[in-house]
Amino acid sequence: MSKLRLAVIGAGPAGIYASDLILKAERDFEVSIDLFDRLPAPYGLVRYGVAPDHPRIKGIIRALYEVLDRGDIRFFGNVRYGQDITLEDLKEHYNAVIFATGAIKDAPLVVPGVDLDGSYGAADFVNWYDSHPDVGLSWPLDAKQIAVIGNGNVALDVARMLVKLPDDLLETDIPDHVYKGLSASPVTDVHVFGRRGPAQVKFSPLELREALHVNGVQSIVYEEDFQYDEGSEEAIASNNQVRVMVKTLEDLRQNPQEPQERRLHLHFFSSPVEILGEDGKVVGLKVERTKLDGTGNVTGTGEFLEYPVQSVYRAVGYFGSAVDQIPFDANTGVISNAAGRVIDEAGKPIPGVYCTGWIKRGPVGLIGHTKADAIETIGHVIEDRSSWWQPTRPGENQILETLKDRNVEYIDWEKWLKIDSREKALGESAGRERIKLFDREELLKISKG
Ligand SMILES: Cc1cc2nc3c(=O)[nH]c(=O)nc-3n(C[C@H](O)[C@H](O)[C@H](O)COP(=O)(O)OP(=O)(O)OC[C@H]3O[C@@H](n4cnc5c(N)ncnc54)[C@H](O)[C@@H]3O)c2cc1C
């Protein structure tokens, strides 16, 4: 019986599911897995993307925790592939690698004014409110009127976090600096803009319903934004999600909410054409009204509107980053791959190298979707047994020696549990489940403690 020594890079849901599934898969060889992440903490975007007021989703962390707590997957946090370990190292120690490095950056939006002061990428704001260890403590929340560009769940998260009464976040895991930052915000109006109509939004029904019913916030939709063409009618008839979302928006249209001091406006058929500025600062957003073309797509109408806003958040999608020494498709932001097998320029699979999750198929889809991804990828790993690498230093302690030689301060599972306990203890003393720690040095210190 042979053995697969597998390295997995990225301890987000994709990396954890892939590790778990290969251990449970039918196979005639043993598997031992080392799971690396550049951050001291596991769970990827479940910890650093999902909004703090989504504790139900954060419950997924519980399931991921249980996988890692079993003890048959070794966790190495604070180890960055491409810096602390290289492809050559992996070949020396393992039979194969799965890259599950996800996405952390915003997709670009090319409109004039995008570089003005007050124009932000959603991912940067998400990283701030989710206390990512690589971002600063302060965030400029000085705008009364704010535009959020995009019609996906991230746009809703960002809009909700901007408009929500900060005291309603006190039961979540946000640290003090995030609470204080949000409390100082003078915001009164958040406007969300989508290019297309109610039947074309990319939200999830649950997210939309939640965003439209925030305590202390009046949600507003506009009569002129309710247009449907043949493509829309087809989508409403054939897709349950679309039907539910259109109904949710139509309900709001028919039953306007009571006025409140804060407002969330949803605008459809509004394509951003320019972020307007004065003295280098955002003062408005110019949009072109669009209209349906019969197929559910839209064209410009030549009618322009300007909204006075003092900041603009671009939530037009995330985008994957290139992974050192691994072929990358810069147009789509994914590792070049065929169903999880990493391929070279000629389209030929590169032995021993695989990918899964958002870095495999792009930053769309929910946490659950990364499971299907993982099943496909690990199927290929198992099938390709004859082309795995033949490592020269496969011993389980030998990778530890390599990390030690490099002075890499890795965080293993035991150390992570110390951080986890500290976060829970901090939460307990404030009547909350957890308060997130964010300072990398502090995290490392606690892990040694
Ligand atoms: C703002 C936001 C909100 C979301 N909210 C929800 C929600 O409410 N519900 C839901 O189901 N889904 C939600 N999602 C989607 C969900 O987060 C993704 O589907 C899922 O996290 C993708 O998993 P992944 O493992 O591929 O990537 P990630 O979760 O991004 O994990 C990748 C991991 O790889 C690590 N990594 C990257 N580069 C390296 C390197 N060089 N070396 C070592 N490690 C590296 C990263 O640190 C990270 O931990 C949200 C996404 C975003 C962006």
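In this predicted model, three helices, α1 (13-24), α2 (44-48) and α6 (153-163), each supply at least two residues of the shell around the ligand. The ligand is surrounded by 32 residues, the closest being A14, D37, L45, Y81 and W358. By residue type, the shell around the ligand divides into 17 nonpolar, 10 polar and five charged residues.

| Residue | Ligand atom | Distance |
|---|---|---|
| A14 | oxygen | 2.9 Å |
| Y81 | nitrogen | 2.9 Å |
| G365 | oxygen | 3.1 Å |

On its own the ligand has 1000 Å² of accessible area, and the protein covers 92% of that area.

Turning to the aromatic rings, a search of the whole structure finds 18 aromatic pairs. Among them is the pair of Y65 and W413, which is tilted, with 5.7 Å from centre to centre and 40 degrees between the planes. This pair links distant parts of the chain, since Y65 belongs to helix α3 (residues 55-69) and W413 to helix α14 (residues 413-429), 348 residues apart. Both Y65 and W413 are buried. The ring of Y65 also has a charged neighbour, as K424 lies over the face of Y65, at 6.0 Å from the ring centre. A further case is K286, which lies over the face of F304, at 5.1 Å from the ring centre. Elsewhere, Y120, F125, W128, Y129, W139 and Y313 form one aromatic cluster.

Methods
Residues numbered from 1 in each chain as written. Predicted model: local features only at pLDDT ≥ 70, side-chain atom pairs only at ≥ 80, totals over all residues. Heavy atoms only, no water. Near = heavy atom within 4 Å. Polar contact = N/O pair within 3.5 Å; in protein donor to acceptor, adjacent residues only side chain to side chain. Areas by Shrake-Rupley, 256 points an atom, 1.4 Å probe, with all protein chains shown as cover. Helix = DSSP H or I, 4+ residues; strand = E, 2+ residues; numbered from the N terminus. Nonpolar A, V, L, I, M, F, W, Y, C, P; charged D, E, K, R; others polar. Phe/Tyr/Trp six-rings, centres within 6.5 Å; stacked < 30°, edge-to-face > 60°. Buried < 20%, exposed > 50% of the residue type's maximum accessible area, 1.4 Å probe, protein only. Lys NZ or Arg CZ within 6 Å of the ring centre and 35° of its normal.
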